[in-house]
Amino acid sequence: MAVYTHVEPDDLAALVAQYDIGTVVSCKGIAEGVENSNFLLETTRGRFILTLYEKRVSEGDLPFFVELLDHLAKRGCPVPAMIRDREGRAIQQVSERAACIIQFLPGISLTHPTPGQCQAAGAAMGAMHRAVADFAGARENSMGHRHWRAIAQGAGDLDAVIPGLQAIVDEELDHLDAHWPRDLPAHVVHADLFPDNVLMLGERVTGLIDFYFAASDFRAYDVAVTHASWTFSTDGSDCDIGRASALMRGYAREVALTDEEFAALPLLARGAALRFLLTRAHDWIHTPPGALVTRKDPAPFLARLRRYQAADAAALFSAA
Ligand SMILES: Nc1ncnc2c1ncn2[C@@H]1O[C@H](COP(=O)(O)OP(=O)(O)OP(=O)(O)O)[C@@H](O)[C@H]1O
Ligand SMILES: N[C@@H](CCO)C(=O)O
């Protein structure tokens, strides 16, 4: 359960009183996620999500995320609205954290998506990419390629997490630095579109959520992140070709990747696997003992990295 910061009942009542959303009925910590503190807030007028932003989200970036969600909502993407208070403010302060009250969207976060659901997720990502293409905002990807070496250095004793991990990471960083593409189509991307950030009912996408890593990067990097998170077995050793091709087919319905992007996908996916391996390893070491959070295992992303390093990795990105 990701609750790092608690909210006193009086503070919650005072916060909710600033909005036209009724009065508090209940507020419960949400049993998913690792990044922010999230609560299911019920008021006399309905359900909302209360998010308190934690270590990886900087308060200065919140206006960018609010503008991005407004932009995507206007273009028909199923993203949650950031609720405004009576003064028109979306961003508040609670328990010494920046906080927002967010529209609750229906749907279920999947743990074992079917090929049909992968196809729907790919199409929803493609539609989101089309919608974001004329978004004027930009944000450096603080979790992107340029920052991985610093993230690795700040993670702590990687060998204590997985024996030999430091050497594997060092070698991979050198490889990625030497081969990372310079010039592929880029715009703001989600950069963390895992199954738990897509709400679905059956094969219908009802919500794309958790845009707090959204940043300017290659659109094909977003495809790589989603490939890495939707198409593998739980331990990360097997890529399910049925799910992978469905994801790529869904995306291709909305966006035609160039030959250069296709050629770059295995490398971009190595980068994506390394990004999540590193942040999970960091959190494995640094998660505060009192936090109500289930740490995520880094090892399945090392297994994915190994799979993407294999000579035949390009075949994992075929839509056929
Ligand atoms: N707008 C929403 N509508 C419905 N449920 C939501 C909404 N936002 C968040 N949730 C629920 O809260 C959970 C945690 O939210 P979120 O993914 O934003 O947290 P996080 O800590 O940032 O997670 P992550 O580890 O994926 O970065 C989601 O998996 C979902 O179940
Ligand atoms: N989606 C990420 C958490 C966000 O950094 C993970 O599963 O590791």
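Two strands count as paired if DSSP finds at least two bridges between them. Keep that in mind for this predicted model, because the sheet is built from such pairs: five strands in the order S1-S2-S3-S5-S4, open, with antiparallel pairing. The edge strands are S1, residues 24–29, and S4, residues 92–94; each of them pairs on one side only. From one strand to the next, the twist averages 35°.

Helix H1, residues 9–17, packs on this sheet. H1 touches S1, S2 and S4, and its direction makes about 120° with that of S1.

Now the end of the sheet with S4. Three bridges join S4 to S5, residues 97–103, and the two run antiparallel. Valine 94 has arginine 97 in S5 as its bridge partner. Serine 95 sits in the loop between S4 and S5.

Most residues other than glycine have a negative phi. Serine 95 has a positive one, near 45°.

Alanine 191 counts as buried, because it has 23 C-beta neighbours inside 10 Å.

Last, the ligand. Where does ligand 1 lie? Domain 1, 9–104, and domain 2, 109–317, both give residues to its shell, so ligand 1 lies between them. Of the 23 residues around it, Glu32, Gly33, Glu35, Pro80 and Asp210 come nearest. By class, the shell has 11 nonpolar, seven polar and five charged residues.

Definitions and conventions:
Residues are numbered from 1 along each chain as its sequence is written. Chains are lettered from A and ligands numbered from 1 in the order in which they are written. This is a predicted model: local features need pLDDT of at least 70, side-chain atom pairs count only at pLDDT 80 or more; totals for chains, interfaces and linings use all residues. A residue is near a molecule or strand if its C-beta atom, placed from the backbone, lies within 6 Å of it. Ala, Val, Leu, Ile, Met, Phe, Trp, Tyr, Cys and Pro count as nonpolar, Asp, Glu, Lys and Arg as charged, and the others, Gly among them, as polar. Domain bounds come from an automatic or database domain assignment. Helices (H or I, at least four residues) and strands (E, at least two) are DSSP runs, numbered from the N terminus. Axes are lines fitted to C-alpha atoms, for helices over the stretch in contact, and angles run from 0 to 180 degrees between N-to-C directions. Two residues are in contact if their C-beta atoms, placed from the backbone, lie within 7 Å. A residue is buried if 20 or more other C-beta atoms lie within 10 Å of its own, exposed if 12 or fewer, and partly exposed in between; C-beta atoms are placed from the backbone.
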